[in-house]
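Here is a walk through one protein model, written for someone who has not seen it before. Please look over the sequence and the structure first, and then follow the paragraphs below with both at hand.

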Amino acid sequence: MTGIVVGSIGFLFALLLNGAPVAFAMLIAGAAGLYLSGGYFPLVGLLKTAPYEHVASYTLTTLPMFILMAEFLTAGRFTRDLFAASDKWLGHLRGGIAYSAIAGGVLLAAISGSSSAAAGTLSAAAYPEMKRLGYETRFSTAVLAVVGTLAIMVPPSIGLVFYGIITETSVGKLLVAGFVPGALTAVGYAVSINIQIRRRPEIAPHSAARAPVKERWESIKTVWPVLGLMLIIIVSIYSGVITPTEIGAVGALMALALSVVMGRVGLRQIGQALSNATRNSAMILTIIACAAVFGAFITLTGVTQDLLLAIQSSGVNRYLVLGAVLLLLFILGFFLDQIAILVLTMPLVFPLLNGLGFDAVWLGIIFVKTAEIGLITPPMGLNVFIVSSTTAVPAREIFKGIWPFVATEFVILGLLIAIPGFSLWLPALAGF
């Protein structure tokens, strides 16, 4: 049976390396493994039930709702306003636009949950100004690429929601757990920027003069509706007044209402937002449906339980096993996006590590954080390529400036592993 599992996983990666979509590669490899291990009838039975049961889930509705909320806010041009307001408050510092990008990235993360959307929006808004003021190209584009990754950790993180659905871990607990690691990551980026500027002041000249106090407060007026929406989402999740599944729908409705009442969207923009949200949601749901087949195959073989028993009987330290899994996730990040990584690995590694006594919520934060690092590392570096396409700066130039931030990410990951309280304190305080 182990040979069949190894062969199916090898077949899966062969399909991926040949350009097959992740969803269909998992479907084909999982179906082949099921046929070889169980025969025709188990295969047909699972194909009839597993994909539908995994997609027809009430909990799963939170994903398309958060995606729709982000699309409505983007259509209403609120995302640009968030960065502009951040720049009014921080733009006068040396490297001020870089710090503004961090603040804008946190705010964007809290309304979108999508790293690619945050990276694209920040690049379009900030890079022209950074270029005009004489920021070093590799530094400025690296900042924009890395700040976009905040969206995978800061709630409502699509990565955390996805992990919760796959592993059947409380989505509400995961979203609350993401606050402190997200804030720690933002602080880490700011420290990294400060260190780089102190070492090489020429990479980030002084920006414009300090904006008058009146202009600063006026900039808040343009974003107060979004800040209010963020506050409602945070308080609702934290207090339990609205469930995490419902808050996505409430957020999407409020985002639409804000955009319409403030006259920022018409029927054309609303239609485009619905189209984008439908396309992105369909892609994610297809991945989940096809991953169910591969996950059923792994479960049927019992390889996870066998591996767990082998590790327990060998006396290997469980943190060595965790380290090996994180190394695997990091290497996969060279080639795949974070959603694909979670889909590919969770059916095997989550039961293993959960069986070794690791907390499911803490594992979610660690896994998502590791996948986040893959968004900025070569050769895949999805955020780097998004920034490259937006700014017309070659990806290889951006990668040259990314390494100080990669080092920062590993320091933060080490802290989250060494001190689980960073991830688990707030959910415990909230009564989860």
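A salt bridge, as the term is used here, is a side-chain nitrogen of Lys or Arg lying within 4 Å of a carboxyl oxygen of Asp or Glu. The model is a predicted one, and by this rule the count in it comes to 5 salt bridges. Within that picture, Arg138, Glu397 and Lys400 are linked with one another in a network of salt bridges.

Arginine 138 forms a salt bridge with glutamate 397, and the closest N and O atoms of the two are 3.3 Å apart. Arginine 138 belongs to helix H8, while glutamate 397 belongs to helix H20, which covers residues 395-418, so this pair ties together parts of the chain that are 259 residues apart in sequence. Arginine 138 has a relative accessible area of 29% and is therefore partly exposed, and glutamate 397, with a relative accessible area of 23%, is partly exposed as well.

Another salt bridge joins the side chains of glutamate 136 and arginine 200, with 3.1 Å from N to O. This pair, too, links distant parts of the chain, for glutamate 136 sits in the loop between helix H7 (115-133) and helix H8 (137-147), whereas arginine 200 sits in the loop between helix H11 (179-199) and helix H12 (213-239), 64 residues apart. Glutamate 136 counts as partly exposed at 23% relative accessibility, and arginine 200 is partly exposed with a relative accessible area of 34%.

What is the setting of the salt bridge in which the side chains of lysine 369 and glutamate 409 meet? The N to O distance there is 2.6 Å, and the pair links lysine 369 in helix H18 (residues 360-374) with glutamate 409 in helix H20, 40 residues apart. Lysine 369 is buried, because its relative accessible area is 0%, under the 20% that marks the limit for buried residues. Glutamate 409 likewise counts as buried at 0% relative accessibility.

The side chain of glutamate 372 is joined to that of tyrosine 189 by a polar contact of 3.4 Å.

Returning to helix H8, the reader will find alanine 142 there, a residue that is buried with a relative accessible area of 0%. Leaving aside neighbours within four places in sequence, alanine 142 is in contact with Ile398, Gly401, Ile402 and Phe405. Residues three or four places apart point the same way in an α-helix, because such a helix has 3.6 residues a turn. Alanine 142 and valine 387 are 245 residues apart in sequence, yet their C-alpha atoms are 8.5 Å apart in space.

The last stop is helix H3, made up of 16 residues (residues 40-55), which reaches 23 Å from its first C-alpha to its last, close to the 22 Å expected at 1.5 Å a residue. A kink of about 30 degrees, centred on leucine 46, is present in H3. The buried residues of H3 are Leu43, Ala50 and Pro51, and these buried residues pack against helix H2 (22-38) and helix H14 (267-301).

Terms used. Residues are numbered from 1 along each chain as its sequence is written. This is a predicted model: local features need pLDDT of at least 70, side-chain atom pairs count only at pLDDT 80 or more; totals for chains, interfaces and linings use all residues. Side-chain values use heavy atoms; hydrogens and water are left out. Helices (H or I, at least four residues) and strands (E, at least two) are DSSP runs, numbered from the N terminus. Buried means under 20% relative accessible area, exposed over 50%, partly exposed in between (1.4 Å probe, protein chains only). The expected span of a helix is 1.5 Å times one less than its number of residues. The bend at a residue is the angle between axes fitted to the seven residues ending there and the seven starting there. Contact means heavy atoms within 4.5 Å. A polar contact is a pair of N or O atoms within 3.5 Å; within protein, one must be able to donate a hydrogen and the other to accept it, and residues adjacent in sequence count only if both atoms are side-chain atoms.
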